[in-house]
Amino acid sequence: PPGRCAELLKSTVVRVPRSVYAATPGRNKYRPSQVSPIGNFVMAGDYATQKYLGSMEGAVLSGKLAAEVICDKAMGRENQNGLKEVHSSVLAGDLSERAPVGIVGTSPVSYGGGQQGSFDNP
C-alpha cells in the first residue's frame, strides 16, 4: 500500500494529569438530568446524567438525550427520563471551601494544567 513507506516526521505526547475525574461510586446522584424545571432550558454535557461520565462520549450521549427532551417537548410528550430530583446535600447549602481530595502540590500540573516550561518530550 502507498502509506506503508510513510515516515513519521514529528510527534508529541500530551500529558494532562487528572484530565478525567475519578468516577467514584454514588456520585451520579449529584448530576443533573437533561430535563430542567425551566420550560425552555435543557442541559447537555459530560456533567449531565449519562452512562459515560466525564468524556467526549458522555458529552455526545448527553447531547442526544437533550435532543430527545426537545423533541418530546415539541411533540407534547412526557420525556421518559423525566426531571431528576436534586440531592438533599446539594440543597443543604454547605458551600464552605474544601481542599481537593488527592491533589498533591500547588503547581499547574497538580490541577491538570499540563506540563509547564521546557522539557524533553519522549
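Here is a walk through the structure, from the overall layout to a few individual side chains.

What you're looking at is a predicted model, where local features need pLDDT of at least 70, side-chain atom pairs count only at pLDDT 80 or more, and totals for chains, interfaces and linings use all residues. Residues are numbered from 1 along each chain as its sequence is written, and side-chain values use heavy atoms, with hydrogens and water left out.

Start with the secondary structure. The chain has two helices and zero strands; these are DSSP runs numbered from the N terminus, with helices being H or I of at least four residues and strands E of at least two. Buried residues make up 17% of the 122 residues in the chain. Here buried means under 20% relative accessible area, exposed means over 50%, and partly exposed is in between (1.4 Å probe, protein chains only). As for contacts (heavy atoms within 4.5 Å), residues 24 or more positions apart account for 44% of those with a separation of 6 or more.

Now for helix α1, residues 56-75. At 1.5 Å a residue, its 20 residues should span 28 Å, and the end C-alpha atoms agree with that at 29 Å apart. That expected span is 1.5 Å times one less than the number of residues. Which residues of α1 are buried? They are Gly58, Leu61, Ser62, Leu65, Ala66, Val69 and Asp72. These cover an arc of only 145° around the axis, so they sit on the same side of α1; the arc is taken from the directions from the helix axis to the C-beta atoms. The face turned away from that buried side carries the exposed residues Met56, Val60, Ala74 and Met75. Just after α1, glycine 76 takes a positive phi of about 75°.

Side chains of opposite charge can pair when their charged atoms come close. The structure holds two salt bridges, each being a side-chain nitrogen of Lys or Arg within 4 Å of a carboxyl oxygen of Asp or Glu. In one, glutamate 68 pairs with lysine 64, with the closest N and O atoms 2.7 Å apart. Both residues lie in α1, four residues apart, about one turn of the helix. An α-helix has 3.6 residues a turn, so residues three or four places apart point the same way. Glutamate 68 is partly exposed at 26% relative accessibility, and lysine 64 is partly exposed at 47%. In the other bridge, aspartate 72 meets arginine 77, with the closest N and O atoms 3.0 Å apart. Aspartate 72 is buried at 12%, whereas arginine 77 is partly exposed at 48%.

Next, step back to serine 33, in the segment before α1. Is serine 33 buried or exposed? With a relative accessible area of 8%, serine 33 is buried. Its side chain reaches the backbone oxygen of valine 35 at 3.1 Å. Leaving out residues up to four places away in sequence, serine 33 touches Met43, Thr49, Gly82, Leu83 and Lys84. Glutamate 85 is 52 residues from serine 33 in sequence, yet the two C-alpha atoms are 8.7 Å apart in space. Glutamate 85 lies in the loop between α1 and α2 (88-91) and is exposed, at 75% relative accessibility.

Last, the cysteines. A search of the whole structure finds zero disulfides, a disulfide being a pair of cysteine sulfur atoms within 2.5 Å. Cysteine 5 is exposed at 72% relative accessibility, and cysteine 71 is partly exposed at 43%.

Conventions:
Polar contact = N/O pair within 3.5 Å; in protein donor to acceptor, adjacent residues only side chain to side chain.
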